[in-house]
Structure formats: C-alpha cells, structure tokens
Amino acid sequence: REEAEDEEDDSGRYRTAVVIENRGTIEYPVEVLVRFADGSEVRESWDGSYRWVRFTYDRDARLDRVIVDPEDRLLIDVNRANNSFVAEPLRRADLRWGLKLLMLIQNLLQTLGSVVS
C-alpha cells in the first residue's frame, strides 16, 4: 500500500513523503519506482524487514506516481492491484460508464452461455 503527500514551500519546491507498507506476512526485498511530474524518476530498494518505510524527496516537481515492483518480479504477491499510487487519477465519466456497460455485456454473455450449454 502506498501513501504520498506533497507540500510546497516558499521557494516553489515540493517536499514529498512516500510511505510503502507491507500488509502481508512475508519479508521480501522490493524495488520502488517514484516518478515526478517533470518526468524524472527515482528507484529505491526496500528490504521489507519492517512493516513500512518512508522515502522523502525535496524536488522542483510534484509527485506523479509510485509503483512497487515495477517489473512484476515478485510472483508471491497476492494483490498486485495495490502496488501503485497515481497522484492525479483519470476521472473520465465516459470511461467509467463504458467499463460498466462492458461488465454488463460480459455478465449477459456468461449467463446466455450457461443457459445454452
């Protein structure tokens, strides 16, 4: 699980704190990719020996996203959906409604398939 927050100081720089939490029971080293709005990236290594770790940055750009295990090397991860954080998520209504419609069509086809068989 990732949490992040940006605070802008008087000089226009951002202090960014990224907290990575291990919610599982296995202690395993992982790589963390931190990307900023100007396109710069920082790769961190975390040994996973504690329940959480905090990375702090003083940069000219805001945080864009954080990805834990960006190359998907950790095969024992139960929930890969919680391995990233995006500062500005895509909130387009048409995409949201399109995905809901696609889900309804899929459910309808599955129901029809089970009735025909």
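1. A charge sits over a ring if NZ of Lys or CZ of Arg is within 6 Å of the ring centre and within 35 degrees of the ring normal. Arg 59 meets this test: its charged end sits over the ring of Phe 36, 4.4 Å from the centre.

2. A word on the basis of this note. The model is predicted, so local features need pLDDT of at least 70 and side-chain atom pairs count only at pLDDT 80 or more, while totals for chains, interfaces and linings use all residues. Residues are numbered from 1 along each chain as its sequence is written, and side-chain values use heavy atoms, with hydrogens and water left out.

3. Phe 36 also takes part in an aromatic pair. A search of the whole structure finds one such pair. Rings of Phe, Tyr and Trp (its six-membered ring) pair if their centres lie within 6.5 Å; planes under 30 degrees apart are stacked, over 60 edge-to-face, the rest tilted. The partner is Tyr 57: the ring centres are 5.5 Å apart and the planes stand at 80 degrees, so the pair is edge-to-face.

4. Where do Phe 36 and Tyr 57 lie? Phe 36 is in strand β3 (residues 30-36) and Tyr 57 in strand β5 (residues 52-59), so the pair ties together parts 21 residues apart in sequence. Strands here are DSSP runs (E, at least two residues), numbered from the N terminus. Both Phe 36 and Tyr 57 are buried. Buried means under 20% relative accessible area, exposed over 50%, partly exposed in between (1.4 Å probe, protein chains only).

5. Next, the salt bridges. The structure holds seven. The criterion is a side-chain nitrogen of Lys or Arg within 4 Å of a carboxyl oxygen of Asp or Glu. One joins Arg 15 and Asp 58 (2.9 Å, N to O). This pair links distant parts of the chain: Arg 15 is in strand β2 (residues 14-21) and Asp 58 in strand β5, 43 residues apart. Arg 15 is partly exposed at 46% relative accessible area, and Asp 58 is partly exposed at 38%.

6. Glu 41 and Arg 35 form another salt bridge (2.8 Å, N to O). Glu 41 is partly exposed, at 41%. Arg 35 is partly exposed too, at 24%.

7. Glu 71 and Arg 43 meet in a salt bridge (3.3 Å, N to O). Glu 71 lies in the loop between β6 (63-68) and β7 (84-86), and Arg 43 in strand β4 (residues 41-46), 28 residues apart. Salt bridges that share partners join Glu 31, Arg 43 and Glu 71 into one network.

8. Now the pockets. On a 1 Å grid over the protein atoms alone, a pocket is an open set of points where a 1.4 Å probe fits, with protein on both sides within 12 Å along at least five of seven lines; lining residues have an atom within 4 Å of a point. Grid points are joined across faces, edges and corners, and a volume is the space filled by probe spheres set on the points. The largest pocket has a volume of about 500 Å³. It is lined by 22 residues, and the closest to its centre are Asn 22, Arg 23, Gly 24, Leu 74 and Asp 77.

9. The second largest pocket holds about 190 Å³. Its lining includes Glu 31, Glu 71 and Leu 74.

How values were computed. Helix = DSSP H or I, 4+ residues; strand = E, 2+ residues; numbered from the N terminus.
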